[in-house]
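I began with the aromatic side chains.

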Amino acid sequence: MGPGSAPARAVTGRAAPRWIRRLLLGTVLMAVIIVGGTAFRVWQVARVDGDRPVDAVVVLGAAQYDGEPSPVLAARLKHALALYRDGLAPRIVTVGGKQVGDLYTEAEAGRRYLIARGVPAAAIDLVDEGADTLGSLKSVAARAGQEGWSSALVVSDPWHSLRARTMARDAGLDAWTSPTRSGPVVQTRETQARYIFRETGALLYYRLTHASAETENTGLG
């Protein structure tokens, strides 16, 4: 028995590191699949227009400067205006708060833009609450409950669409997305890749925590 025990110990000693390597490899492979699959879904949903008749077009906020929408916000508003003129919704909901020192909220800047282009003030709902997408969409859902509507087309940048739709549905809205096809976020492949990478991480964080992973002044909250 003594002579046969040494080889058994040697085999066991070699087997333990092999299982550890397999476990690490499996963990890395699973992480790659999850991250890669999420990135693919971000890209896929960005390419889909969910345009259909709804109760409201919801324009997610982005930076504004003294009441004037930034290029990112203006692109979203322009797209929302086209949806409204196509008769897909009887109202537009402008969304977004303000930074310290601002005179206007993002929602107010959006409302001014739309009124200047002929949208009746009565057809615009102002939701100037929430410091990020999650907070804003929860406020929109609360407003929808108060006013008796439930379905929405959420307008944002393409790469933000999947996370925005996920948050909107979790908040209780019957939501689809209608991404913008213009503006700074869609101008170059490098910009697109950067935002897909960012949104992949932010969406994974949201799914794990149901909290926002926002950074200031991105317009993609």
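I took helices (H or I, at least four residues) and strands (E, at least two) as DSSP runs, numbered from the N terminus. The model is predicted, so I recall that local features need pLDDT of at least 70 and side-chain atom pairs pLDDT 80 or more, while totals for chains, interfaces and linings use all residues. Residues are numbered from 1 along each chain as its sequence is written, and side-chain values use heavy atoms, without hydrogens and water.

Aromatic pair. I paired rings of Phe, Tyr and Trp (its six-membered ring) with centres within 6.5 Å, calling planes under 30 degrees apart stacked, over 60 edge-to-face and the rest tilted. I found one aromatic pair. Phe40 and Trp43 form this tilted pair, at 5.7 Å centre to centre and 35° between the planes. Because Phe40 and Trp43 are three residues apart in helix H1 (residues 2-46), about one helical turn separates them. With buried under 20% relative accessible area, exposed over 50% and partly exposed in between (1.4 Å probe, protein chains only), Phe40 is partly exposed at 44% and Trp43 is partly exposed at 35%.

Charges over rings. I required NZ of Lys or CZ of Arg within 6 Å of the ring centre and within 35 degrees of the ring normal. Arg117 lies over the face of Tyr113, 3.6 Å from the ring centre. The charged end of Arg194 sits over the ring of Tyr195, 4.8 Å from its centre.
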